[in-house]
Amino acid sequence: MNDVLAHSVPHDGLSFPVVEAGSGAPLVLLHGGGSRAAHFLPLMRLLSGTYRVIAYDQRGFAGNGVPQGVAIDHPLWASDLVG
C-alpha cells in the first residue's frame with residue numbers, strides 16, 4: 001500500500017480528520033454510524049494501488065465536533081462532503 005497521509009481539512013468552522021492513500025481517480029469512503037475513517041485502513045490497502053482513496057471522520061463522529069444548535073442530517077453531511 002502507498003503511504004497513508006493523515007491531515008485535517010477545515011470546513012464550516014470544524015476541522016475534519018482525513019486519511020488518504022494512493023493515486024489515480026479519487027474514491028471517497030464514507031463511514032456509517034459508530035464508525036470512523038480509520039476503520040477503512042484495511043480496505044484502503046487493497047484499493048490504493050488503483051485509486052486515490054480518501055476517508056474522513058464525518059461531522060459528529062470520532063471526536064469531530066458539532067457546533068451548538070446545528071442539527072445533523074443527510075443534507076448537512078452531503079454539504080460537508082462537497083466542502
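Which residues are linked in a network of salt bridges? I opened my notebook with that one, keeping in mind that the model is predicted. I found Asp 12, Arg 59 and Asp 80 joined in such a network.

**Entry 1: the network, pair by pair**

I started with Asp 12 and Arg 59, whose side chains form a salt bridge at 2.9 Å, N to O. Asp 12 sits in the loop between E1 and E2 and Arg 59 in the loop between E4 and H2, so this pair ties together parts 47 residues apart in sequence.

Next I looked up Arg 59 and Asp 80, and here the salt bridge has an N to O distance of 2.6 Å. Asp 80 belongs to helix H2 while Arg 59 is in the loop between E4 and H2, so the parts tied together are 21 residues apart in sequence.

Arg 59 is buried, at a relative accessible area of 0%. Asp 80 is buried too, at 6%, whereas Asp 12 is partly exposed at 48%.

**Entry 2: a closer look at Asp 12**

I also checked the backbone of Asp 12. Its phi is near 55 degrees, which is a positive value in a residue other than glycine.

**Entry 3: the other salt bridges**

How many salt bridges does a search of the whole structure find? I noted four. One of them joins Arg 36 to Asp 57, with the closest N and O atoms 3.8 Å apart. Arg 36 is in the loop between strand E3 (26-29) and helix H1 (41-47), and Asp 57 is in the loop between E4 and H2, so the pair ties together parts 21 residues apart in sequence. I have Arg 36 down as partly exposed, at 37% relative accessibility, and Asp 57 as buried, at 3%.

**Entry 4: the largest pocket**

I moved on to the pockets. The largest has a volume of about 220 Å³. I listed 13 lining residues, with Val 9, Val 18, Ile 54, Tyr 56 and Leu 81 nearest the centre. At least two lining residues come from each of strand E1 (5-11), strand E2 (14-21), strand E4 (52-56) and helix H2 (74-82). Sorting the lining by class, I got seven nonpolar, three polar and three charged residues.

**Entry 5: Leu 81 again**

I met Leu 81 once more on the surface, where Val 28, Leu 30 and Leu 81 form a nonpolar patch with about 230 Å² of accessible area together.

Key
Residues are numbered from 1 along each chain as its sequence is written. This is a predicted model: local features need pLDDT of at least 70, side-chain atom pairs count only at pLDDT 80 or more; totals for chains, interfaces and linings use all residues. Side-chain values use heavy atoms; hydrogens and water are left out. On a 1 Å grid over the protein atoms alone, a cavity is a set of points where a 1.4 Å probe fits but cannot get out, and a pocket is an open set with protein on both sides within 12 Å along at least five of seven lines; lining residues have an atom within 4 Å of a point. Grid points are joined across faces, edges and corners, and a volume is the space filled by probe spheres set on the points. Helices (H or I, at least four residues) and strands (E, at least two) are DSSP runs, numbered from the N terminus. Ala, Val, Leu, Ile, Met, Phe, Trp, Tyr, Cys and Pro count as nonpolar, Asp, Glu, Lys and Arg as charged, and the others, Gly among them, as polar. Patches are made of residues with over 30% relative accessible area and no salt bridge: like charges are joined within 9 Å, nonpolar side chains (Val, Leu, Ile, Met, Phe, Trp, Tyr) within 5 Å. Accessible areas come from the Shrake-Rupley method with a 1.4 Å probe; for residues, only the protein chains shown count as cover. Buried means under 20% relative accessible area, exposed over 50%, partly exposed in between (1.4 Å probe, protein chains only).
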